[in-house]
Amino acid sequence: MDFEPWWLIFVPVLFALGWLAARFDFRQMLRETRTLPDSYFRGLNFLLNEQPDRAIDAFVEVAKLDPETTELHFALGSLFRRRGEMERAIRVHQSLLSRSDLPQAEREHAQHELAQDFLKAGMLDRAEAAFEQLKDTDTRYALPALRSLIRIYESEHDWPRAIEAVKTLHGLVDEPVPQLVHYYCEQAQGALSAKPADIEAALTALDAADHAVEVAGRGESLSHGSQVRTSLLRARLAGLENDSKRERMYLESILADAPEYAGLVAEQLLANYRQAGEAVQGLEHLRAQYERHASLDLFNVVFRELRAQQGSETAWAFARAALRHHPSLLGLDRLLEAELSAQPAGEAHSSPVPGADLSLLRTLIHKHTQRLDRYACRSCGFQARRFYWQCPGCNAWETYTPRRLEELE
């Protein structure tokens with residue numbers, strides 16, 4: 001196609017149109033900028049200068065001047081909640097919900113934010129009511145609301161409602177929910193701890209827990225911990241029913257299937273053997289278990305029982321060999337504690353090690369082992385002297401390894 005000279009007339013026309021468009025946008029921007037309150041720019045300046053308190057005061061002033069700025073209200077509410085100013089956060093989100101012209105999507109957003117405010121403030125009943133209004137909706141807040149309700153039910157130990165909520169969650173999303181087993185176990189534990197123990201309720205809860213274990217096991221989403229806990233409760237139930245054979249069967253199944261949990265069941269298993277007049281066989285069984293799967297808690301049980309049955313020389317010989325293969329300050333601290341506690345009051349502390357002052361030695365070692373004599377959560381790092389199925393710090397389930405800190409280092 002040939003070039004026509006008259007086409008050149010379009011060049012200045014296009015240039016003029018572009019200049020007008022740019023000038024229009026610039027003027028529009030200037031008009032919008034002039035409508036913003038000075039407090040808005042002061043707030044931005046305070047934020048840039050790392051003065052969050054003064055920035056919040058400035059933005060609050062903007063919100064008062066222009067109540068229609070919903071985005072700013074949401075930002076302020078979140079800021080207040082993160083800073084722990086729960087009363088101000090609640091007031092901001094309640095003011096949003098009081099507006100009759102608020103669109104439905106933003107109303108549900110405000111409802112979710114308000115529920116989170118109540119939850120962080122510890123107002124569980126109000127948080128529960130707020131989340132309940134969201135869980136049955138088809139919005140993006142339904143699943144977070146349901147998960148928050150599960151957390152509330154856990155904190156209130158309302159296990160029946162927690163179970164129903166987890167079942168609802170499992171029906172909505174294709175993800176494992178292993179805590180369901182623990183909810184049934186909590187019900188069983190509560191029934192067994194009642195005065196008198198509610199055997200029937202405990203049995204029903206444990207049957208449901210076994211079913212949950214079976215279902216979760218099909219998807220390979222279950223750890224040993226859930227199965228160990230159900231076996232422990234079955235053993236406790238058998239003990240209350242004076243069925244020592246069944247109690248022993250459950251405890252020994254834990255040693256075979258989950259040897260890392262041996263320290264949690266060793267005392268109970270030894271008591272079972274002792275009750276049957278088979279303390280010697282029980283000790284040998286635990287000693288053989290220690291040879292296969294050494295742990296500090298199991299070492300402690302075996303050492304104490306060896307000392308009670310066969311005397312201090314045999315017990316210390318076992319301890320020396322054990323600590324030679326598995327060096328441990330905690331292990332040495334435990335056996336010194338056992339040795340000192342066995343000494344009659346007022347007598348000098350004799351020692352299998354000639355010339356050793358056991359009391360001084362134990363004092364020095366114990367000072368350095370206190371921080372190692374704890375269980376730790378793999379999720380948040382919370383440390384505790386006793387073993388928990390649910391972490392008191394982050395509320396996660398089965399995050400405690402059944403080994404002391406020294407064994408994990």
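pLDDT is the predictor's confidence in each residue, on a scale from 0 to 100. This is a predicted model, and its protein chain averages a pLDDT of 80. Of the residues, 75% score at least 70.

**Confidence along the chain**

Helix α13, residues 244-257, has the highest mean pLDDT of the elements in the protein chain, at 95. Helix α1, residues 10-35, has the lowest, at 50.

| Stretch | pLDDT | Contacts beyond near neighbours in sequence |
|---|---|---|
| Residues 23-35 | below 50 | two |
| Residues 345-349 | below 50 | four |

**Helices α6 and α7**

Two packed helices are described by the angle between their axes and the distance between the axes. Here the pair is α6, residues 104-120, and α7, residues 124-135. Their axes come within 8 Å and cross at roughly 155°. Angles over 145 degrees count as roughly antiparallel, and α6 and α7 are therefore roughly antiparallel to each other. The crossing of α6 and α7 is left-handed.

Which residues make the contact? From α6 come Glu108, Gln111, His112, Ala115, Gln116, Phe118 and Leu119. From α7 come Leu124, Arg126, Ala127, Ala130, Phe131, Gln133 and Leu134. By class, the contact residues comprise eight nonpolar, four polar and two charged.

**Aromatic pairs**

The structure holds 14 aromatic pairs. One of them joins phenylalanine 299 and phenylalanine 318. A pair of aromatic rings is described by the distance of the centres and the angle of the planes. For phenylalanine 299 and phenylalanine 318, the centres are 5.7 Å apart and the planes are at 20°. This pair is stacked. Phenylalanine 299 sits in helix α16, residues 296-310, and phenylalanine 318 in helix α17, residues 312-325, so the pair ties together parts 19 residues apart in sequence.

Most residues other than glycine have a negative phi, and most peptide bonds are trans. Two loops call for a look at the backbone.

Where does histidine 157 lie? The answer is the loop between α8, residues 142-155, and α9, residues 159-172. Phi of histidine 157 is near 55°, a positive value in a residue other than glycine.

The bond between lysine 195 and proline 196 is a cis peptide bond. Its omega is about 0°. Proline 196 belongs to the loop between α10, residues 179-193, and α11, residues 199-218.

Methods:
Residues numbered from 1 in each chain as written. Predicted model: local features only at pLDDT ≥ 70, side-chain atom pairs only at ≥ 80, totals over all residues. Heavy atoms only, no water. Axes fitted to C-alpha atoms, helices over the stretch in contact; angles between N-to-C directions. Helix = DSSP H or I, 4+ residues; strand = E, 2+ residues; numbered from the N terminus. Parallel < 35°, antiparallel > 145°, perpendicular 65-115°, else oblique. Left-handed = near helix turned anticlockwise from the far one by under 90°. Contact = heavy atoms within 4.5 Å. Nonpolar A, V, L, I, M, F, W, Y, C, P; charged D, E, K, R; others polar. Phe/Tyr/Trp six-rings, centres within 6.5 Å; stacked < 30°, edge-to-face > 60°.
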